[in-house]
Amino acid sequence: MTGTFFKQHGLKLLVHLGALFPAAVMVWRLVRGSYLDPIRQMTTDSGNTALVLLGLTLTCTPLARFLGFQAALKIRRTLGLYTFAYAAWHMLIFVGWDYGFAWDLLVPALFAQRFVVAGLVAFVILLALALTSTRGWQQRLGQWWKWLQRWVYAAAGLVVLHVLWLSKTPDKALRYGVLLILLLVLRWVPARTKKQNH
Amino acid sequence: MIPIRASEITPEHIYLSRRKFMVGLGAAALLAACGRLAETPELPVEELDSPTMPDATTLPEGTAAPEPLSTPRPTPTVKPDVKTAFDAVTGYVNYYEFSLDKEAAAVLADESLQVSPWTVTVGGLVNKPRVFDIEELLKFEQEERVYRMRCVEGWSMVIPWLGFPLSRLLKEVEPLSNAKYVRFQTLADPDQMPGLAEMTFPWPYIEGLRLDEAMHDLTLIATGLYGWSLRPSNGAPLRLVVPWKYGFKSLKSIVRIDLVEEQPTTFWMASGAGEYGFWANVNPEVPHRRWSQATERRIGETRRIPTLLFNGYAEEVADLYPDLTNRDWFF
């Protein structure tokens with residue numbers, strides 16, 4: 001009984017637990033007062049989590065294509081939505097907690113800082129993808145839906161720029177950038193081999 | 001490490017009154033600098049609202065209410081400074097010789113930095129080059145100074161330092177007339193500092209000041225904070241504190257000070273990013289190349305506060321810089 005339950009839902013359960021874990025750690029650290037600079041550290045932690053989740057989301061398709069791990073396709077949407085959730089949290093901390101919704105400060109902060117612009121555009125893309133991630137929207141948009149979902153790569157590229165522009169050293173952004181390029185290349189490869197086979 | 005707080009040695013009321021006495025006696029500049037600082041009780045902000053402006057209702061009949069010269073703009077609220085919690089001051093640091101992570105750096109530094117014995121070599125263009133043992137420097141009269149620290153990253157703290165003016169030390173070695181700048185160097189020991197091998201930076205950490213900046217009364221060599229001797233995480237056993245410049249100018253764990261003729265190339269100038277200049281004076285109007293400097297977050301407080309010109313020390317230091325419209329002073 002439990003055996004089949006885990007066979008059917010085990011992976012999804014793992015995804016939910018894994019994706020909620022960082023949030024739990026953040027809340028725990030916040031409540032315990034172990035963040036010395038809660039705003040900055042929670043901004044960083046939520047951003048990093050969103051980044052990792054975005055990477056995992058993008059890995060699903062290659063996993064299914066190259067390793068035959070079809071179950072990865074079933075968790076892709078969930079991972080994508082969690083990515084959006086952490087990105088939204090990240091944004092909310094910045095806008096609401098750090099800047100206290102002070103638009104007179106936020107607007108100049110937006111234009112003086114290109115990392116904010118990159119992050120904001122990436123967030124808008126993720127928002128559009130999250131909103132249209134339901135089956136209803138998939139049907140309504142038809143072919144356009146796939147086109148729209150491919151924008152996730154643009155969002156990922158902007159996130160790499162976001163990290164590059166806000167960091168003192170480019171190391172982290174370069175690592176993520178290389179991974180992203182690798183994932184993009186992997187998306188191209190199967191289309192070609194298919195053509196050759198047929 | 002001094003295990004006893006200065007405030008415990010001296011009964012607290014005497015300690016406090018002595019501080020008042022010292023402030024009252026001495027440096028007017030310091031008084032002005034500290035006037036708004038931690039010791040000052042909360043300012044009754046309402047009472048400060050232009051007391052000379054007569055209220056329209058109190059004017060004799062037939063008199064037109066005085067026209068304001070311009071639309072009164074609400075002055076940015078400068079809250080009285082509250083000292084940043086000891087744990088944050090000691091546990092949240094930038095110390096790249098140990099780690100890029102602020103908390104990890106603090107832990108690593110406290111674990112592995114040997115601060116005794118320690119010597120500081122002071123030389124270059126001076127009459128009496130000398131190697132000072134840290135014990136000698138601790139015999140200089142130590143005073144407490146509550147300074148704001150503004151990090152170029154956009155956060156700030158209020159820290160009660162203990163130390164002595166750098167000028168006190170420089171006078172010991174007698175700078176020559178051709179000495180124009182002071183060059184400082186942080187310890188760079190790969191055995192104690194894991195970051196040196198992990199990160200490709202132009203080690204050692206070098207900073208510099210023009211001689212008149214170095215001789216300025218606000219420029220401090222700190223040996224302690226909150227009444228305690230410095231922790232390695234804060235740059236023990238001695239560090240520079242230049243409160244009107246971005247925090248990276250205030251280098252830690254100094255092993256060498258040289259008086260030189262040419263402007264030194266600092267660590268951040270040499271790092272090649274082209275994002276940090278020599279002067280690095282705080283100015284909310286001049287953004288960093290990649291982010292705004294208009295506001296800052298006080299660690300331990302929730303709301304952003306406006307950043308002030310020269311970090312609030314403009315009255316004391318603006319004279320050092322002839323043409324303030326020149327943006328180079330703030331780069």
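This report describes strand pairing in chain B of a predicted model.

## Basis of the description

The model is predicted: local features need pLDDT of at least 70, side-chain atom pairs count only at pLDDT 80 or more, and totals for chains, interfaces and linings use all residues. Residues are numbered from 1 along each chain as its sequence is written, while chains are lettered from A and ligands numbered from 1 in the order in which they are written.

## The five-stranded sheet

Chain B holds an open sheet of five strands in the order 2-1-10-5-6, with mixed pairing. Strands are DSSP runs (E, at least two residues), numbered from the N terminus, and two strands pair if DSSP finds at least two bridges between them. Strand 2 (130-133) and strand 6 (206-210) of chain B are the edge strands, each pairing on one side only.

Within this order, strand 1 (residues 119-124) and strand 10 (residues 254-260) of chain B are parallel and share four bridges. Gly123(B) lies opposite Asp258(B) of strand 10.

## Strand 4 and its partners

In strand 4 (residues 155-165) of chain B, ten of the eleven residues are buried (20 or more other C-beta atoms within 10 Å of the residue's own, with C-beta atoms placed from the backbone). Strand 4 runs antiparallel to strand 3 (residues 143-150) of chain B, with eight bridges; Val146(B) stands opposite Pro160(B). Their hairpin has four residues between the strands, and Gly154(B) there takes a positive phi near 110 degrees.

Strand 4 of chain B is also joined by five bridges to strand 7 (residues 220-225), in the antiparallel sense, where Leu225(B) is the bridge partner of Trp161(B). Two bridges link strand 4 of chain B to strand 11 (residues 295-298), which runs parallel to it, and Trp155(B) stands opposite Arg297(B).

How values were computed: Buried ≥ 20, exposed ≤ 12 C-beta atoms within 10 Å, placed from the backbone.
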